[in-house]
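Reader: I would like to learn how to read a protein structure. Could you take me through one, feature by feature?

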Amino acid sequence: MTNIEQRAELQAKIWRIANDVRGSVDGWDFKQFVLGTLFYRFISENFTNYMEGGDDSIDYANSPDEVITPELKADAVKTKGYFIYPSQLFVNIAKTAHTNPNLNTDLKAIFNAIESSANGYPSEEDIKGLFADFDTTSTRLGNTVENKNSRLAAVIKGVEALNFWNFEDNQIDLFGDAYEFLISNYAANAGKSGGEFFTP
């Protein structure tokens, strides 16, 4: 897939996610949920690749959390800067996103666990607040737990549908392109200048 095709597919699917939650979440707030979910998927897949180490016989996502020893976890945090248990991976949360009655609080607990996994390690300051802008319990997602979960599930399933295989093999800067697309579509409506939010 060429970079032009990847960019077009990314934008079309982000717009489809936006349509799924249109009228429910302000565009400016929606941006944070999409980017946060993209990031969650990215670090989950990146961490899975690290844990499997290219060994096709290892299926980290389907491994029980109980196989993780304190030593294994410590070694991973020293190398990656954080830790994600198999049950906390994006792929496993996405499987039950539409049927999990505790989706928003489960995500909050997972994000807290990922951040706290770095406590006491050199990466602690870098990981702290990693998901600060991704508030899964925010009233911006809805006034009821059911509404919050429904909108979170729509974003998660939408990001899951992005067919970019390995994020690291992309022909485009996935996050940069997603950020630019969301900024250009929502900055004006939010009364903000899109240029203020671009980063190198």
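This is a predicted model: local features need pLDDT of at least 70, side-chain atom pairs count only at pLDDT 80 or more; totals for chains, interfaces and linings use all residues.

Reader: How many helices and strands does the protein chain have?

Author: Helices (H or I, at least four residues) and strands (E, at least two) are DSSP runs, numbered from the N terminus. Here the protein chain has 8 helices and 0 strands. Read from the N terminus, the order is α-α-α-α-α-α-α-α.

Reader: Which residues of α3 are buried, and which are exposed?

Author: The general idea first: buried means under 20% relative accessible area, exposed means over 50%, and partly exposed is in between (1.4 Å probe, protein chains only). In α3, the buried residues are Ala74, Ala76 and Val77. They cover an arc of only 165° around the axis (taken from the directions from the helix axis to the C-beta atoms), so they sit on the same side of α3. Glu71, Lys78 and Thr79 are exposed on the other side of α3. For the whole protein chain of 200 residues, buried residues make up 44%.

Reader: How do I read a pair of aromatic rings?

Author: Rings of Phe, Tyr and Trp (its six-membered ring) pair if their centres lie within 6.5 Å; planes under 30 degrees apart count as stacked, over 60 as edge-to-face and the rest as tilted. Searching the whole structure gives 11 aromatic pairs. In one of them, Phe33 and Phe134 have ring centres 5.8 Å apart and planes at 65°, so this pair is edge-to-face. Phe33 belongs to helix α2 (residues 27-52) and Phe134 to the loop between α6 (124-127) and α7 (145-160), so the pair ties together parts that are 101 residues apart in sequence. Both Phe33 and Phe134 are buried.

Reader: What about the rings of Phe47 and Tyr50?

Author: Their centres are 6.1 Å apart and their planes are at 50°, so this pair is tilted. An α-helix has 3.6 residues a turn, so residues three or four places apart point the same way. Phe47 and Tyr50 are 3 residues apart in helix α2, which means that about one helical turn separates them. Phe47 is buried, with a relative accessible area of 0%, whereas Tyr50 is partly exposed at 31%.

Reader: Which residues form one aromatic cluster?

Author: Phe33, Phe39, Tyr40, Phe90, Phe111, Phe131 and Phe134 form it. Gly36 is buried, with a relative accessible area of 12%.

Reader: How many residues does the largest nonpolar core have?

Author: A nonpolar core is a set of buried Ala, Val, Leu, Ile, Met, Phe, Trp, Tyr and Cys residues joined through side-chain atoms within 4.5 Å. The largest one has 43 residues, and those with the most contacts inside it include Tyr40, Phe47 and Ile114. Helix α2 gives the largest share, 9 residues. Ile114 touches several residues, among them Tyr40, Phe83 and Phe131, again not counting residues up to four places away in sequence.

Reader: Is Glu125 buried or exposed?

Author: Glu125, in helix α6, is exposed, with a relative accessible area of 56%. Its side chain makes a polar contact with the side chain of Lys128 (3.3 Å). A polar contact is a pair of N or O atoms within 3.5 Å; within protein, one must be able to donate a hydrogen and the other to accept it, and residues adjacent in sequence count only if both atoms are side-chain atoms.

Key
Residues are numbered from 1 along each chain as its sequence is written. Side-chain values use heavy atoms; hydrogens and water are left out. Contact means heavy atoms within 4.5 Å.
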